Amino acid sequence: MAKINKPALIYAAAKARGGAVAPHSNFQVGAALLTKSGAIIGGANVESASYGLTCCAERVALFTALTSGRKHFVAVAVVARAPGGPMPCGACRQLLAEYAPDAVVLVADSRKLAAIREFSVKELLPAAFVNVPAKNG
Ligand code: THU
């Protein structure tokens with residue numbers, strides 16, 4: 001597998017951040033997923049006046065990737081104007097544990113893109129819930 005170009009993926013997340021629709025929090029987040037085959041899929045957060053309907057950048061990127069047939073992810077980058085970079089929320093960690101369990105998670109502050117922090121999905125969500133065996137009756 002090719003080496004992950006971390007600065008390039010962070011840059012893609014920073015670019016995707018430009019698509020954020022965050023009129024309520026004014027906190028724009030961009031995410032970029034790198035597939036095993038080298039494709040990069042971006043996403044940004046979208047907020048609702050009914051706040052709970054908001055969808056994070058990570059999930060927008062993941063849902064876009066999954067619904068365009070991408071299944072194997074090696075890394076995800078997340079960028080926002082936050083000291084040290086934005087940490088994925090619990091809901092996104094759950095989805096990453098299910099669909100990108102082996103991905104490297106890269107985060108960076110939009111003002112300091114070269115300072116990349118790196119995590120594994122497993123360390124962000126240890127002992128994740130992944131499945132319930134089907135039962136009949
Ligand atoms: N948000 C993300 O998009 N990703 C994160 O990792 C953290 C939070 C969004 C959700 C909401 O639109 C805004 O940031 C404030 O929570």
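Guide: Let's begin with a term: a pocket is an open set of grid points with protein on both sides within 12 Å along at least five of seven lines, and its lining residues have an atom within 4 Å of a point. Keep in mind that this model is predicted.

Visitor: How many residues line the largest pocket, and which lie nearest its centre?

Guide: Here is the general idea. Rolling a probe the size of a water molecule over the atoms shows where empty space is left. In this structure, 14 residues line the largest pocket, and F27, V29, N45, C56 and E58 lie nearest its centre. The volume of this largest pocket is about 160 Å³. Its lining divides into nine nonpolar, three polar and two charged residues.

Visitor: What takes up the space of the largest pocket?

Guide: The ligand does. Around the ligand you will find S25, F27, V29, N45, E47 and T54, among others. Also in that shell are residues including C56, A57, E58, M87, P88 and C89. By kind, the shell divides into seven nonpolar, three polar and two charged residues.

Visitor: How much of the ligand's accessible area does the protein cover?

Guide: On its own, the ligand has 370 Å² of accessible area, and the protein covers 79% of that.

How values were computed:
Residues numbered from 1 in each chain as written. Predicted model: local features only at pLDDT ≥ 70, side-chain atom pairs only at ≥ 80, totals over all residues. Heavy atoms only, no water. Near = heavy atom within 4 Å. Areas by Shrake-Rupley, 256 points an atom, 1.4 Å probe, with all protein chains shown as cover. 1 Å grid on protein atoms, 1.4 Å probe; cavity = no way out; pocket = protein on both sides within 12 Å on 5 of 7 lines; lining within 4 Å. Sits in = over half its atoms within 2 Å of the grid points. Nonpolar A, V, L, I, M, F, W, Y, C, P; charged D, E, K, R; others polar. Points joined across faces, edges and corners; volume = space filled by probe spheres on them.
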